[in-house]
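Subject: Structure handover

Hello,

Here is the structure for you to look through. My notes come after it.

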Amino acid sequence: MEAWPLQRKLLAIIDEDVDEDPSVDGGIPLTFAINVFIMFVVWVLYHCLRPHYPRFFYPRVWNEGDKKPPIVSFANFSWLVRTVIASKDEVGLRGGMYGLLYIQFQVFMLLYIIFMTVFALSVLIPVNAVGRGADESGWVETTAVNIKANSTLLIAHVVLVVLFQVMAVLIILWYQQLYFRSRKLFRAHEHVNSRTVYIRNLSRSIKNGAELQHFMDILYPGQVVSANLGFHAPRLLELKEQKENAILSLEHEQAVYMRDEQRPMRYPGTCGVPLVLCRCRAKEDSIEYWKRKIPAISGKITRLQKRTPTTTGVAFVTFAEVDVAHTCLKDFYVTSRRRNLLGGVDDHALVSQMRARQWHVDRAPPHTELFWNHFIVGRTSYHLRQLVLTIGVLIVAAVWAVPISLLTNVEFLIAIPAIGPIAEEVVSWHPVVQQLLEGYVPSLLTSLFIVFLPEVLEPFCTWERPHNVAARDASIMRNYYTFVIFNVFIFPMLFIGSLNTFQKVLDDGLNALARINFSIQGAFFANYIIQQAFMSGCFRLIRLHHLIFRQLWIRFLCVSDTEYAEARRWIKPMELRGVRFSQMLIVVAILQTFAVIAPLILICGILYFLFLYIYDKNNILHVYPRDLLTDSSMIPTVINQFIFAQIISNAFLILFFYTKQAYWGLGIVAGLLLLDVVVGVVLYLRNYYEWDQYIRRGSPHLVECEIPEAVLAAAYKHPGLVEEGDDIEGRLERSKNIREEFMTDVERDTRAHQERALQGDVDA
């Protein structure tokens, strides 16, 4: 295949006699030293800040009136002891089902890496010493350089690969069983969504919830509390948001007036700043402005509510009892039960009008986590958007992997005419500079990018138009995993030291794969895991950027009591729950791949899981509220991603044994890859079977709570259709707490119910 002119020029540069060997240690000692220093600085800073900001660093064990510990005291350092000795039961009590499963996964992986380390180092180090002979090589090279092609010493490597892969399969089987057992042990508090079902494919000819409620009353007499349609009314939601912001602004301005004893002024209307500066208009009273603005917005909402909004084919039906909601799920899930249920309705025309035979019925998401404007988007459009975003993630992952791969080999950079002289000049400053460029900088750039990736992905995943927050978070987790496994693992394996491999495969066949330099890759991945263990782990502990943002918010932006309360209560995790699993899965795949290629990388893996275990367990026990740790619905996805990582790891091991011409080993690893595929299918079917049996024969396992009737009746009513109150102007004048005054009954009752549920967790 003939290459393009620019491509031929680049390949000619690559084909020159360039030294592709990394520095003897791959820059790993330097990376390790820098990160140890960073960790020391972060720990000192953490223990200096911890006593001053207890609401931020340990809010779950801090009570108002508690004495703040001195910086140099056992009380200030005791968090480490409490974290290490905390039992599994305490983690489950404070962290819920998700917290327990997350920490248990870390424990399983830590023990697994220790198991691999003991066998790999005790077996492969002597084997490499025999294979190396009198030659000298860096410790990151090991099997990749020391063991010659078709050597009998590769038998030990194949045996270890089989042992490690079988152990990984047993661990993930055990972990899935732990997940099933945990679902039976943990009981979540009953909420409105526990009694509500979520219906899709409802006929769009149904224009109000009364028609649907009448139909559901026929199916479940005396059990239906409310039926609400998922209307598409973006303008109403926009006006409601404007009104909410206006109320908060008025409360803020009144607090400023109380503080400064001077009425705040604002620039009027459009182009207010230049008009005031030109003395064409004067500033106006800000409090009076918002008092006029809020009733005006409320009037617009009232007028718009009189119109008939667009239906979306989505509805929510709330029942009086949890068991009835589960029965509804069962009736519409089991084909025979659906047929019998609908067959008992005398009015067959009503069944056809509702399109009840085509309904998809699921448990409803929490009403506070719905994206009402997204219901109008159909499933086909939703899946097309997912596909477009996934392709975009893969393109970005490939593009970002290229400069990272180039930086891992300075000799290659010097050979490129455009940047070669600059790179040569930089490297000539000091020998340490080359180690920084090859070892520290690529892993640092990779680590920093994936730290901020969830925030970057969030608006793009919202563009997919998911119906609720859980679906958006699942999309973030999926795309994050896709990016990381390709950008951190797959593309560096293919690009580092071998950017011309693809063209060579087209020209010379599969023999070109022998150009892949596993020794350079081993150094890059060791540096990456060190970065994740020390620097990224420390930032999970201190969360410095969150602390700075919080304190700036309190110091310069907060004035009203509501603003201060929100700022002090604000605790945000470093990453979404599923994102943390994805990070660990990539590290496990890297360690499994290089356990027999560069086994000393396993020591980095032990440090990674040990530090993350301490930091994350501390956050679960002492920092994050329990309501952030209760959702474990992503665990089946984690299991699927674990299996996929195993498959990718085995694929690269097949490539490694191919480069060593150990075709018998290649066949064995190919069998392990097939085993992973089979196990993945079995685990998927097993999870589906458990879910199927829960719907067919199970029952909700919840802690009963008394839910106010107003919440049950109106929780799933479209927020834009909630009626505006009367006498807006009078209420603004009389109220001392405007935000409380304009809260709806549903918002007030929902908050009280959540506080009672949270108090129940604390008492437990």
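Below are the findings, grouped by topic.

This is a predicted model: local features need pLDDT of at least 70, side-chain atom pairs count only at pLDDT 80 or more, and totals for chains, interfaces and linings use all residues. Residues are numbered from 1 along each chain as its sequence is written, and side-chain values use heavy atoms, with hydrogens and water left out.

**Salt bridges**

The structure holds 15 salt bridges. A salt bridge here is a side-chain nitrogen of Lys or Arg within 4 Å of a carboxyl oxygen of Asp or Glu. The background is simple. Side chains of opposite charge can pair when their charged atoms come close.

One of the bridges joins arginine 263 and glutamate 288, at 3.4 Å from N to O. Arginine 263 sits in the loop between helix H9 (234-260) and strand E4 (265-266), and glutamate 288 is in helix H11, so this pair ties together parts 25 residues apart in sequence. Helices (H or I, at least four residues) and strands (E, at least two) are DSSP runs, numbered from the N terminus. Arginine 263 is partly exposed at 32% relative accessibility. Glutamate 288 is partly exposed too, at 34%. For these labels, buried means under 20% relative accessible area, exposed means over 50%, and partly exposed is in between (1.4 Å probe, protein chains only).

Another bridge pairs aspartate 616 with arginine 580, their closest N and O atoms being 3.3 Å apart. It links distant parts of the chain: aspartate 616 is in helix H25 and arginine 580 in helix H24 (residues 577-594), 36 residues apart. Aspartate 616 is buried, at 0%. Arginine 580 is buried as well, at 6%. Elsewhere, shared partners join Arg263, Asp285 and Glu288 into one salt-bridge network.

Arginine 472 bridges to aspartate 473, with the closest N and O atoms 3.4 Å apart. Arginine 472 is buried, at 14% relative accessibility.

**Helix H11**

Aspartate 285 caps the N-terminal end of H11. One of its side-chain oxygens lies 2.9 Å from the backbone nitrogen of isoleucine 287.

**Buried positions**

Asparagine 619 is in helix H25 (residues 601-622). It is buried, at 0% relative accessibility. A polar atom of the asparagine 619 side chain lies 3.2 Å from the backbone oxygen of arginine 540.

Isoleucine 206 lies in the loop between strand E2 (196-200) and helix H8 (209-219). It is buried, at 1%. Isoleucine 206 and glycine 313 are 107 residues apart in sequence, yet 8.4 Å apart in space, C-alpha to C-alpha.

**Cysteines**

How many disulfides does a search of the whole structure find? It finds 0, a disulfide being a pair of cysteine sulfur atoms within 2.5 Å. Cysteine 48 is partly exposed, at 30%. Cysteine 538 is buried, at 1%.

**Surface**

Leucine 674 is in helix H27 (residues 663-697). It is exposed, at 54%. Leu674 belongs to a nonpolar surface patch of about 850 Å², whose members include Val677, Tyr684 and Trp691. Patches are made of residues with over 30% relative accessible area and no salt bridge: like charges are joined within 9 Å, nonpolar side chains (Val, Leu, Ile, Met, Phe, Trp, Tyr) within 5 Å.

Best wishes

Key
Polar contact = N/O pair within 3.5 Å; in protein donor to acceptor, adjacent residues only side chain to side chain. Areas by Shrake-Rupley, 256 points an atom, 1.4 Å probe, with all protein chains shown as cover.
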